Amino acid sequence: MPIRMEQGKYVLQYFFLIWLPLTLLTVIVTSALMHNQRQMARGTAAIEQQAQVESAQSLLSSRLSRIQADALYLAGQLALMQSDEQATSTFETFQRYHPQYYQIRLLDLNGHEHIRVELTDGQPLALPSTRLQDKSQRYYVQLGLQQPVGSVYLSPFDLNMENGEIERPFQPTIRVATPIADADGQTRGLLVINYRGQYLLDALASLDKPNKAALWLVNANGYWLKASDPAITWGFMLPERSSANLSQQHVSLWSQMIREDNDGSAVSDDAMYRFVSVDFDPRNDIPLSQSLGKLYIVSELANKQLLGTSQHAGRIFWQAAALVILLFAMLSLLLARAIAQRRATEQSMASNEEMFRAMIEAAPDAIIITDTDGNITLANEQTTVMFDYAEQELVGQKVEVLIPTNLAERHVQHRSGYMMEPKSRPMGLGLSLYARRKDGSHLPVEISLSSIQTADSKLVFCAIRDATERRTTERKIRQLNESLAQQNNELQAVNSELEAFSYSVSHDLRAPLRAIDGFSKILQSSLEGKLDAQETDYFNRIRKAAQNMSRLIDDLLMLARVTRAEVKLASLDLSRTAAAIAERLQESQPERRIDVQIEPNIRVQADPALLGVALDNLLGNAFKFTGNTAEPRIEIGRIDDPEGDVVFVRDNGVGFDMSYADKLFTPFQRLHSASAFPGTGIGLASIARVMNKLGGSIWAESSEGHGATFYMRFKRARSEQ
Amino acid sequence: MMEKPILLVEDNQDDVALMLHALHNNRIRTPVVVAEDGEQALAKLFGAQNAQVQLAPALILLDLNLPKLNGLDVLRELRSNDSTRMVPVVILTSSLEESDRLQAYQSGANSYVRKPVDFEEFIAVAQQLGSYWLGLNQPAMDT
């Protein structure tokens, strides 16, 4: 099925032509959406980071303001205290409600601890005086004592040291110091509060977004105070972490943080950053290492995290895209098949039209196609030949240009009548139609009409055949028929004349012969004894001639009867008929002994009377011509023959010369002298006519002196053939 | 009593002469009345205006081919009349036509004899007519 295969090829071709661009488009759109989504995610993340650092900044500021306010409040209380017990009690009460301050001390102007309350197992506990220490050398004591009354000193955020060692577990600490004034406003001591920095770090940690942005707290030297990885914090206090510094590990970020004093953002290969700084010593009058100074809050959003969300979105996007592509594939396949089918249909329509045109051109008739209004839309070449128009001259014309002018007007009505009931039919219904050539001459035509329903209109298909020859032939046939009828009439007249003639012959011609013979005999009898031998011979000759003529008349009448006879065919037993005739012949010549052999049950299709005539003559001949044979023998039998039943009659008589075989069946033809074998020469002619009437034939074989064989072929019954 | 005659209906005078000769030759002495056509035959039998005798023949020899009224018409007339219904009629004709023979028998002929050309055969026919038809129909008192 090459057509089918070709169509399949086209389907595949169209499929890829449609599907590949769609797939490409889908991929591009998906990629763009992905990119956009990622950008949006980054934008959203940046906003979140901004919000995060701002929250952290305000948290940090508010916490430290609170710490300062608490210190000032406590210092204010101490200024009014008269006794140490009262002060200790105040400290204990305060600490019970503010556990973030794990150590509250009162130092004298020399730097000695005067009162010290520590949070021990969650309970404030004032240390006995024996355990109070001299802290005069500590930088925060010296710096605290330098502060004017009402102002608060904040130490760097670091790890608490106990007896020269870093306290473990780490105790992140901010030390807060403010001078205590007396009633005159003179400094009388120093309030030192250790703030448990872990509170602050925990508060900041609450702003961390799990799996998203993490907050760092970084001091002014670039060391982490808080980081997503605790192992990199407090690098400035722990020698093994001395390299855990932004200036070493996030060079560009750190330089940007230093440069952009207040806040800003940065992007590295791995992460997005948002940072903001909080300065707690804006006047910068304390060395950096001895004050809380400037702290940086940094929000770090690792690309890994960012991608995490967008990767999920991306998976969804690509899954959707794959689905869309699959859908497109199915649609493309359907579309491709539809297009291929349409294309195939168009091609077959085109080839159909070519074939239609070729068929019309090949037709031996003139073919015209008109629309419903009788306008010619197509005329084949045969039309142009028949009517002597060019095709262009006909197309667009009304079909009436081809109709004799006196009929054209009526044809318009016929035409609209046909359109009411457009059946295929010959035009004119037996009328002799004529058409008009370009030169105005008319030609006889036959026209057949049929209507064609096309997709958008109805057309009339009209085949025109030049009927000149046919009409001539018809006229000739009519003339021939007429002359045949006339001949038939004449023949009938001749036949009835012949009948009358033979009747008259049988009656009237014989009477004179009878008179000649009779009166000769009577005369001869009455002259008996007075006649000499010659006179007697003359009488005998007269009588013999009369009797011969009578036989001749009988035979002629038989021939005429055979000719006129109406044939009624039936299946007859030829053997029986022949046997009866042979018996009769034997009886007529009792002095002869003839051996007659007849094959039994020979059945033939024949008319009984005609078969009798034929066998009468054939057997009569056989008897006659064996007259001089010593042992006469006659044989009747049948021969198998494909063309009919052949019956032969064979004798061993004188036979005949085969060179005269063609004259054998002609009337009055005799091959032997009448004196040797008397006869009229009509018998075989009658047999030939009988066989002819029976639809069969007869022929003979012989050689002189060796007998003769006559063959009769009978037509077979129809059912036997 | 006078012997019943033979009525010979024959227009051909030669045939009449030959038949008379043949009968004579066979020593048949029965008188023969000759009618030359069909009308004459009927007149002789049924006594038309110009006929004096009403004939009651022993045998009628009837030719078929007769002027005026042909043999078959005469035969039908004879067979429709009570006085002639039983008279033997032998058709004596030249015709070999099967239809003639058939019609003759259908119209009531007792026999159909073909007139032979050979006079010896003719004499034989006349002899048969005499011995068969005249012999059988002879009245009892004449035997």
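This is a predicted model: local features need pLDDT of at least 70, side-chain atom pairs count only at pLDDT 80 or more; totals for chains, interfaces and linings use all residues.
Residues are numbered from 1 along each chain as its sequence is written, chains are lettered from A and ligands numbered from 1 in the order in which they are written, and side-chain values use heavy atoms, leaving out hydrogens and water.

**Where chains A and B meet**

- On each side, 21 residues take part: 21 of chain A are in contact (heavy atoms within 4.5 Å) with 21 of chain B.
- Together the two chains bury about 1900 Å², with 55% of it on carbon and sulfur atoms; buried area is the accessible area (1.4 Å probe) that two parts lose on being put together, summed over both.
- In chain A, the residues that lose the most area to chain B are A:His507, A:Arg514 and A:Ile522, together 33% of what that side buries.

**Charged pairs between the chains**

- Side chains of opposite charge can pair when their charged atoms come close.
- Five salt bridges are counted between chain A and chain B.
- One pair is A:Arg543 with B:Glu120, whose closest N and O atoms are 3.3 Å apart.

**What chain A brings to the contact**

- Helices H11 (468-526) and H12 (533-564) of chain A each supply at least two residues of the side that touches chain B; helices here are DSSP runs (H or I, at least four residues), numbered from the N terminus.
- H11(A) gives the largest share of that side, 14 residues.

**Two helices packed within chain A**

- Two packed helices are described by the angle between their axes and the distance between the axes.
- The axes of H14 (residues 608-625) and H15 (residues 683-693) of chain A come within 9 Å and cross at roughly 145°; axes are lines fitted to C-alpha atoms over the stretch in contact, with angles from 0 to 180 degrees between N-to-C directions.
- Among the residues making this contact are A:Leu610 and A:Val613 of H14(A), and A:Leu684 and A:Ile687 of H15(A).

Definitions and conventions
A salt bridge is a side-chain nitrogen of Lys or Arg within 4 Å of a carboxyl oxygen of Asp or Glu.
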